[in-house]
Amino acid sequence: MNSKIRLLYILAALLALLNFAQAAVVINEVELNPPGDENLRKSTFVEWVELYNNETEAAFIGNWTLTAQPGNLTLAIPPGAAIPPLDHYLLTGSGGWLSDGNQTLILRRADGSEADRTPPLTDTRDDDLSWRRYPDGRDTDSASDWQLMYSSQGF
Ligand SMILES: [Ca+2]
Ligand SMILES: [Ca+2]
Ligand SMILES: [Ca+2]
């Protein structure tokens, strides 16, 4: 193999590694304001966050965390948790755990490195619309990856 071609192979392999490290699992859908009053005591209406595995292999997300900013709430994902290839994973807290307005969510791996973050999101409509990457998993590091659409919770 001549050295130029070999260099191209190495570059391609590095890019594939980089891509795997950055885009495997993303925050895919966020419902900040489900229909009903999630701030009531013992409310049955609860905000939720959906993750998506962009890879064709299972993603192991045990001990990863989701942090809401502003606020310092951090949710831990149980040890051993995994997302099948091209599939979804649902996270919920208790009613009122996320704000309706200006909410950023940050997903961190078990080692504390950042896997993904959302732009600041606001949902003042008390209905079935949620913020979604569309199509699932779309990640160009732009706010235009996100649209307020009818929710698809867990799928
Ligand atoms: Ca609501
Ligand atoms: Ca909503
Ligand atoms: Ca969905």
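Student: How many bridges join S1 to S10, and in which sense do the two strands run?

Tutor: Two bridges join S1 to S10, and the strands run antiparallel. Please keep in mind that this is a predicted model. One of the paired positions is Glu29, whose bridge partner in S10 is Arg132.

Student: Which other strand pairs with S10 over five bridges?

Tutor: That is S11, in the antiparallel sense. There, Arg133 has Trp146 in S11 as its bridge partner.

Student: What holds strands of a sheet together in general?

Tutor: Strands of a sheet pair through hydrogen bonds of the backbone, in either a parallel or an antiparallel arrangement.

Student: And how many residues of S10 are buried?

Tutor: Four of the five residues in S10 are buried, so the strand is mostly covered.

Student: Let me step back. How many helices and strands does the protein chain have?

Tutor: The protein chain has one helix and eleven strands. Starting from the N terminus, the order of elements is α-β-β-β-β-β-β-β-β-β-β-β.

Student: What does the C-alpha trace span along its principal axes?

Tutor: The span is about 70 × 30 × 25 Å. Of the 155 residues in the chain, 26% are buried. As for contacts between residues at least 6 apart in sequence, 60% join residues at least 24 apart.

Student: Which strands form the open sheet of four, and in what order?

Tutor: The order is S5-S4-S8-S9, and the pairing is antiparallel. Strand S5 (74-76) and strand S9 (114-117) are the edge strands, each of which pairs on one side only. From one strand to the next, the twist averages 20 degrees.

Student: How many bridges are there between S4 and S8?

Tutor: Strand S4 (residues 65-69) and strand S8 (residues 104-108) pair over five bridges, in the antiparallel sense. For example, Thr65 has Arg108 in S8 as its bridge partner.

Student: New topic: which residues touch the most other members of the largest nonpolar core?

Tutor: They are Val25, Ile27, Val30, Val49, Leu51, Leu105 and Leu107, in a core of 23 residues. Two or more residues of this core come from each of strand S1 (25-31), strand S2 (48-53), S4, strand S7 (88-92) and S8. As a general background, nonpolar side chains in soluble globular proteins tend to be buried together.

Student: What is Leu105 in contact with, leaving aside its neighbours within four places in sequence?

Tutor: Leu105 is in contact with Ile27, Val30, Val49, Leu66, Ala68, Arg117 and Thr118.

Student: You mentioned S7. Which of its side chains point to the buried face?

Tutor: Tyr89 and Leu91 point to one face and are buried.

Student: Is Lys42 buried or exposed, and why?

Tutor: Lys42 is exposed, because 6 other C-beta atoms lie within 10 Å and a residue with 12 or fewer counts as exposed.

Student: And what about Asn63: what is its phi?

Tutor: Phi of Asn63 is near 70 degrees, again a positive value in a residue other than glycine. Asn63 sits in the loop between strand S3 (59-60) and S4. Asn63 counts as partly exposed because it has 15 C-beta neighbours inside 10 Å.

Student: Last one: where is Asp141 found?

Tutor: Asp141 is in the loop between strand S10 (129-133) and strand S11 (146-150). Asp141 is exposed, since 10 other C-beta atoms lie within 10 Å. The C-alpha atoms of Asp141 and Asp116 are separated by 9.5 Å, and these residues are 25 apart along the chain.

Key
Residues numbered from 1 in each chain as written. Chains lettered and ligands numbered in written order. Predicted model: local features only at pLDDT ≥ 70, side-chain atom pairs only at ≥ 80, totals over all residues. Pairing = 2+ DSSP bridges. Axes fitted to C-alpha atoms, helices over the stretch in contact; angles between N-to-C directions. Buried ≥ 20, exposed ≤ 12 C-beta atoms within 10 Å, placed from the backbone. Core = buried A, V, L, I, M, F, W, Y, C linked by C-beta atoms within 7 Å. Contact = placed C-beta atoms within 7 Å.
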